[in-house]
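Please read this briefing alongside the sequence and the coordinates. The notes are grouped by topic.

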Amino acid sequence: KLFRISDWMKKSKVGEGVFGTKSNRLGPSNGSRVLIAMLRMAMRSTCAIFNAGSIRGNKVYDDQEWFAWSDLKSEIPFHTMMTAVYLPGKVLQDTILHSRRFIYEHNPPVASGGYLHACDNIDWDYDTNTIRSIAGEPFDAEKQYLTAMPCDFFAGMDNHEPLLEWSKLQPRSIVNLEDLHETGREAKLLLVEMFSALIWLEMGSFESIDTNNDGYLTHEEIKARSIEVFGEDVSDIVVDSIMNVADLDNTGRISPLDMMVVQFVATDMIDHVCTHEELCVMKDVAIEVLGDNIASHDQLRSVVEKLKDVLDITGDGSINRKEAMQALGEVKRRSLL
């Protein structure tokens with residue numbers, strides 16, 4: 001299991017309707033919107049776009065409570081690499097509209113794998129074919145929006161002309177296809193990493209998981225707690241991913257500091273707390289993980305400083321988007337995905 005479908009329908013502002021990706025080359029689908037909202041969160045971007053041709057399930061999940069690992073492999077079967085680039089609002093809007101031209105210019109509409117689905121942060125007006133707002137703020141054609149998308153868009157995949165024309169005018173420091181692929185993140189692994197991290201927000205305190213009180217969490221202890229969270233048995237691949245994402249130094253065990261880091265990063269995925277609320281969140285995470293083991297404000301301050309030292313890779317005093325994304329342990333067993 002990855003997520004309860006009804007929960008993410010609400011989180012992604014989809015509202016009522018059936019979760020599915022059927023006929024997503026002909027228009028919007030709730031399932032596609034939810035998956036792209038998740039990619040936006042995993043990429044810590046303001047918004048995200050994704051082509052219909054890379055979402056392949058063509059399925060309606062009307063009788064499923066949970067979206068499973070097998071569903072993810074069916075929906076996103078390719079090794080689609082994701083990047084995030086600051087795009088002018090006009091370029092973003094024109095690119096989405098251009099991708100949907102086969103729908104608007106033909107009767108009956110023509111299905112296209114290049115049809116761009118947008119995340120929940122992009123409020124698209126289907127009457128005027130324009131963006132009303134992004135992330136709750138009125139749309140500004142001149143504003144730069146950090147937008148997550150497949151790297152191959154810049155190599156000409158689906159021929160998104162407005163995006164390609166804009167990219168030609170950009171310096172290599174902004175758009176460099178080789179760099180984008182080197183620094184890109186695979187969409188499937190991003191989603192696995194995100195859910196593995198988010199599960200840690202539901203795991204309770206470190207002490208409640210560390211049943212042998214040795215100061216570290218083992219695979220067996222994490223599996224036992226995961227079964228309590230999910231309410232039933234959990235496969236080894238799920239436990240492996242939950243553990244790997246928190247195993248920052250690749251020792252095969254999780255320390256209290258590891259658990260605090262993964263909970264901070266998971267919180268940032270949801271609320272983008274880096275740089276403006278990070279110290280408050282670090283304190284909350286430390287209290288959640290350590291519980292009654294924090295005896296004083298001085299001890300709490302010391303724990304927060306250690307947590308910040310681990311996350312602040314550049315040493316500039318704050319945690320930026322890239323640092324948060326680099327903090328998690330690597331999700332392994334790629335062949336199974």
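A polar contact is a pair of N or O atoms within 3.5 Å, where, within protein, one must be able to donate a hydrogen and the other to accept it, and where residues adjacent in sequence count only if both atoms are side-chain atoms. The model is predicted, so local features need pLDDT of at least 70 and side-chain atom pairs count only at pLDDT 80 or more, whereas totals for chains, interfaces and linings use all residues. Residues are numbered from 1 along each chain as its sequence is written, and side-chain values use heavy atoms, with hydrogens and water left out.

**Glu221**

- Glu221 belongs to helix H10, residues 219-230 (helices are DSSP runs of H or I with at least four residues, strands are runs of E with at least two, and both are numbered from the N terminus).
- A polar atom of the Glu221 side chain lies 3.0 Å from the backbone nitrogen of Thr218.
- Glu221 is buried and has no salt bridge, the nearest side chain of opposite charge being that of Arg253, 9.8 Å away; buried means under 20% relative accessible area, exposed over 50% and partly exposed in between, with a 1.4 Å probe and protein chains only.
- A salt bridge is a side-chain nitrogen of Lys or Arg within 4 Å of a carboxyl oxygen of Asp or Glu, and for charge Lys and Arg count as positive and Asp and Glu as negative, while His and the chain ends are not counted.
- Leaving aside neighbours within four places in sequence, Glu221 is in contact with Ile209, Asp210, Thr211, Asn212 and Tyr216, contact meaning heavy atoms within 4.5 Å.

**Backbone features in loops**

- Asn107 and Pro108 are joined by a cis peptide bond with omega of about 5°, and Pro108 sits in the loop between helix H5 (101-104) and strand E5 (116-118).
- Asn213, in the loop between helix H9 (206-209) and H10, has a positive phi near 55° although it is not glycine, and it counts as exposed at 58% relative accessibility.
- Asn250, in the loop between helix H11 (236-246) and helix H12 (256-271), likewise has a positive phi, near 60°, and counts as exposed because its relative accessibility is 55%.

**Helix H11 and its packing**

- In H11, 9 of the 11 residues are buried, among them Val238, Asp240, Met243 and Asn244.
- The buried residues of H11 pack against helix H3 (69-75), helix H8 (187-199), H10 and H12.
- The axes of H8 and H11 come within 8 Å and cross at roughly 85°, axes being lines fitted to C-alpha atoms, for helices over the stretch in contact, with angles from 0 to 180 degrees between N-to-C directions.
- H8 is therefore roughly perpendicular to H11 (65 to 115 degrees counts as roughly perpendicular), and the contact is made by Val192, Glu193, Ser196, Ala197 and Ile199 of H8 with Ser241, Ile242 and Val245 of H11.

Conventions. Angles under 35 degrees count as roughly parallel, over 145 as roughly antiparallel, 65 to 115 as roughly perpendicular and the rest as oblique.
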